[in-house]
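Hi there,

Here is the structure I promised to pass on to you.

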Amino acid sequence: METFNSKDMAVKVQKKILSSMVTKSSFQMFIDDTSSEIMDELYHVSKGYSGNKSEAQKVIKDLIKIAVKISVLFRNNRFNVEELVVAQDFKKKLHQGAMTAISFYEVDFTFDKTVMSEILDSCRDLLLKLVHSHLTPKSHGRINHVFNHFSDPELLNKLYDPNGPFRPNLTKICKGLNKLVEDGTI
């Protein structure tokens, strides 16, 4: 017997359409302005660090696709009870990461690349667990690409260098993170 569920089909179609039309305007339907501004700064950091504009664009595009797809899944109540527990764990870890990033920024010479890398790796693992049965291996690869890129200890060292070229970007990133924490978004 064939089982057909129009709601499942609609979610698949939404994910497919959004995957192919990721632009800043479509992204903003799902993600707030503050998050968008943080991603702009992450793009500049990535481009400056790698020296590769297309790689920086790819990592941010991957980040946007992941965020949009997860937003679609949440809006359509696709996560079961166990997955919602994982989602809460992810949000707690993301909050911890934001607070740690802000603290390292506000107090010079406290930055510890190992701590920051471990938090980002933990966020990646929780996110992969959350979407395991909902997204394709290609999307899992995107998650790995984004988190592995930004948890690179050398990138983090350059980002947190108080006299480094990325200090203005870090200032804007932490200002945005602070706003997201105050708003309860993360």
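Below is what turned up, starting with the core and ending with the charged pairs. Please keep in mind that this is a predicted model.

Let's begin inside. The largest nonpolar core has 49 residues, and Ile60, Leu127 and Leu177 touch the most other members. Several helices supply at least two residues each to this core, among them H3 (33-50), H4 (53-75) and H5 (81-106). If you zoom in on Ile60, you will find Met39, Leu42, Tyr43 and Phe150 among the residues it touches.

Next comes the largest pocket, with a volume of about 1200 Å³. Its lining is made up of 39 residues, and those closest to the centre are Met39, Leu63, Phe90, Leu94 and Ile186. Helix H5 gives the most to this lining, with seven residues. By type, the lining divides into 33 nonpolar, four polar and two charged residues.

Finally, the charged side chains: the whole structure holds eight salt bridges. One of them joins Asp62 and Arg142, with the closest N and O atoms 3.4 Å apart. Asp62 sits in helix H4 and Arg142 in helix H7, so this pair ties together parts that are 80 residues apart in sequence. Both Asp62 and Arg142 are buried. Lys58 belongs to the picture too, as it is linked with Asp62 and Arg142 in a network of salt bridges.

Another salt bridge links Asp108 and Arg167, at 3.1 Å between the closest N and O atoms. Here Asp108 lies in the loop between H5 and H6 and Arg167 in helix H9, so the pair ties together parts 59 residues apart in sequence.

Enjoy exploring!

Notes. Residues are numbered from 1 along each chain as its sequence is written. This is a predicted model: local features need pLDDT of at least 70, side-chain atom pairs count only at pLDDT 80 or more; totals for chains, interfaces and linings use all residues. Side-chain values use heavy atoms; hydrogens and water are left out. A nonpolar core is a set of buried Ala, Val, Leu, Ile, Met, Phe, Trp, Tyr and Cys residues joined through side-chain atoms within 4.5 Å. Buried means under 20% relative accessible area, exposed over 50%, partly exposed in between (1.4 Å probe, protein chains only). Helices (H or I, at least four residues) and strands (E, at least two) are DSSP runs, numbered from the N terminus. Contact means heavy atoms within 4.5 Å. On a 1 Å grid over the protein atoms alone, a cavity is a set of points where a 1.4 Å probe fits but cannot get out, and a pocket is an open set with protein on both sides within 12 Å along at least five of seven lines; lining residues have an atom within 4 Å of a point. Grid points are joined across faces, edges and corners, and a volume is the space filled by probe spheres set on the points. Ala, Val, Leu, Ile, Met, Phe, Trp, Tyr, Cys and Pro count as nonpolar, Asp, Glu, Lys and Arg as charged, and the others, Gly among them, as polar. A salt bridge is a side-chain nitrogen of Lys or Arg within 4 Å of a carboxyl oxygen of Asp or Glu. Lists of a residue's contacts leave out its neighbours within four places in sequence.
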